[in-house]
Amino acid sequence: MLAVLRRELKAYYLSPTGYIFMGFFLLLSGFFFAFSNLFTASPSYLGVLGSITFIFLIVVPILTMRLLSEESRQKTDQLLLTSPLSVTGMVLGKYFAAVGVFLITLLITCIYPIILSFFGTIAVWEIVGGYVGFFLLGSAFIAVGLFVSSMTDNQVIAAVVTFSALLFLWILDWIIEGLPTDRVSGIVFACLLVAGAVALVYFSIRNIYVCIAVALVGLGIVAVLYFTNEFLFDGLIVRVLEWFSLLKRYDNFTLGILSLSPIVYYISFSSIFVFLTVRMIEKRRWS
Amino acid sequence: MVQVINLTKRYGQHVAVDQVSFTVEKGEIVGFLGPNGAGKTTTMNIITGYISATEGSVKVDGFDILEEPEEVKKRIGYMPEFPPLYLDMTVQEYLNFVSDIKKIDRKTKKQSMEKIMDMVKIGDVRKRLIKNLSKGYRQRVGLAQALIGAPPVLILDEPTVGLDPKQIIEIRNLIKELGKDHTIILSSHILPEVSAVCERVLIINKGKIVASDTPENLSKRLGDTGRLSVRVAGPERQVVKLLRELPGVKSVDSTGAKEPGTVDLLVEAEKDIDIRRPLFHALSRAEYPILQMKPIDLTLEEIFLQVTTEEREVS
């Protein structure tokens, strides 16, 4: 894993990718810092961190698009996959390399609060907490990008799909606001989830009887839940989609609250996507 | 050393490898011969654990590729058809990285890298970016990569493809040299290459193994050793007549005159008869000088056609 991590970090700075990422990130964060802190003489730095989260939409695809897609295009995955290295080790090496570049960039932005501290007192621990949140949010986005990169051997497609996926996560809160919260829609949504599960089962094993069984069991569970606790279906869509809302969990950090649950949430979110990436690579070898 | 049992790989409806079984003993050099798309690369990719088989199993040194992939991968050095090189690294950085992922001990790493670079003669390009290397050098870096970690089994997919004749000879000699203490499986679609290097040949077609034998036996079995191409200075009709009367000659065909006053002939002899000497004496008595005489090797296509038609007759 360390060998892959080292190679990837080096590759970022041997190619323009690392510099483009850092340059763009620092440029934008510098703008925001200048406009919202320096020109207005405001000491609230957390606001800057909060308002530059949209930056991930643009810079994360740059960082992650080539991670795995280039390996399969250049056939260098043949080297990695036929070496005694495990797939998990390889994926983690790549993930931490991308996170590492992000972390280095983030450390450079620490200059901004230090500049602020010359002109007055800043809330040091609030800012540290804000940085933790910002870092975790970015790492979760990078995990999504990594996963997308494992699906294609075309970097441009990887970048565009990553951008779309992040955009979706970004506007998820607005989408949620417009969704119905009544009971009927909740039941319909639960049935759609069951249908999705059936489709997934069908495409992986192509056995119609198993699918029917899965459908019956799924609908049975929905029915049982409905008769035992019908309030469960009130606003079900909203509650399910909120699981994916990365930004909602970030709100606490911008307010200077450091609590455990969003930290656990972000780490699990990233872990799931890293795991899915490993599965995706394994699946490609089996097909 | 390498055991392949009933290997099958399906891509949807298409069967790339169909029930392939073979064993390679320790120290053997085995050639995989077949046209493009026969399933050579797929089989190699499965043995090395790059892709998985649909059915069947691969065992290396008693370890199963599915159950103990790490143990198997440790024992195999693989050079794919397109060497998996990181173009943005120098040769040395690249080999260093390969040593790291193959978990080579730090202390012996440098020493073994030097030895390998020496063996494949890439020491003088070690500081250059792989991007800027010629095809021949890239191929050698690919081979060096396979040699790192001193694996007992080497799997080389078309190791000489795209090289110039001098490099081909160098690589072949190197493979022979490596064959002394390695088990080697190499693939090729060039027959002379396989017969020059390998002790045993597996011919594969449409995902099936159609023949497995030593190169000599294979050509003997196909029974077509005695074909000569001869250029004789003399009138065509007389020369052809003279040669047809020689004992042991099966057929004589004229392939036209390439030099004025000469004739080019394709002479086919009966099985197991060397007609070169009688042919020389006969022509010399008649004072028709031989300007050129060379045996014609079977081409892969011919062997191939023969082997595949043979199979069809059997089944």
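Predicted model: local features only at pLDDT ≥ 70, side-chain atom pairs only at ≥ 80, totals over all residues.
In chain B, 6 strands form an open sheet in which the pairing is mixed, and their order is E6-E7-E8-E3-E9-E10. The edges are taken by strand E6 (76-79) and strand E10 (208-213) of chain B, each of which pairs on one side only. On average, and with direction ignored, neighbouring strands of this sheet are turned by 15 degrees against each other. Within E10(B), B:Ile209 is the bridge partner of B:Ile204.

Two helices of chain B lie across strands of this sheet. Helix H6 (residues 165-179) of chain B lies across strand E3 (29-33), E7 and strand E8 (183-188) of chain B, and runs at about 150 degrees to E8(B). Helix H5 (residues 135-147) of chain B, in turn, lies across E6 and strand E7 (153-157) of chain B, with a direction at about 165 degrees to E6(B).

The length of H5(B) agrees with expectation, because its 13 residues should span 18 Å at 1.5 Å a residue and its end C-alpha atoms are 19 Å apart. Of the 13 residues of H5(B), 10 are buried, so the helix is largely enclosed by the rest of the structure. The buried residues of H5(B) include the charged side chains B:Arg138 and B:Arg140, and B:Gln139, B:Val141, B:Gly142, B:Leu143, B:Ala144, B:Gln145, B:Ala146 and B:Leu147 are buried as well. The cover over these buried residues includes E6, H3, helix H4 (106-119) and E7 of chain B, together with helix H6 (77-81) of chain A. Just after H5(B), B:Gly149 takes a positive phi of about 90 degrees.

Between the two chains, 21 residues of chain B are in contact with 18 residues of chain A. On the side of chain B that touches chain A, the elements that give two or more residues are helix H2 (69-75) and helix H3 (91-101) of chain B. Of the elements on this side, H3(B) gives the most, with 4 residues. By class, the side of chain B that touches chain A has 10 nonpolar, 7 charged and 4 polar residues.

Note on methods. Residues numbered from 1 in each chain as written. Chains lettered and ligands numbered in written order. Pairing = 2+ DSSP bridges. Axes fitted to C-alpha atoms, helices over the stretch in contact; angles between N-to-C directions. Contact = placed C-beta atoms within 7 Å. Expected span 1.5 Å × (residues − 1). Buried ≥ 20, exposed ≤ 12 C-beta atoms within 10 Å, placed from the backbone.
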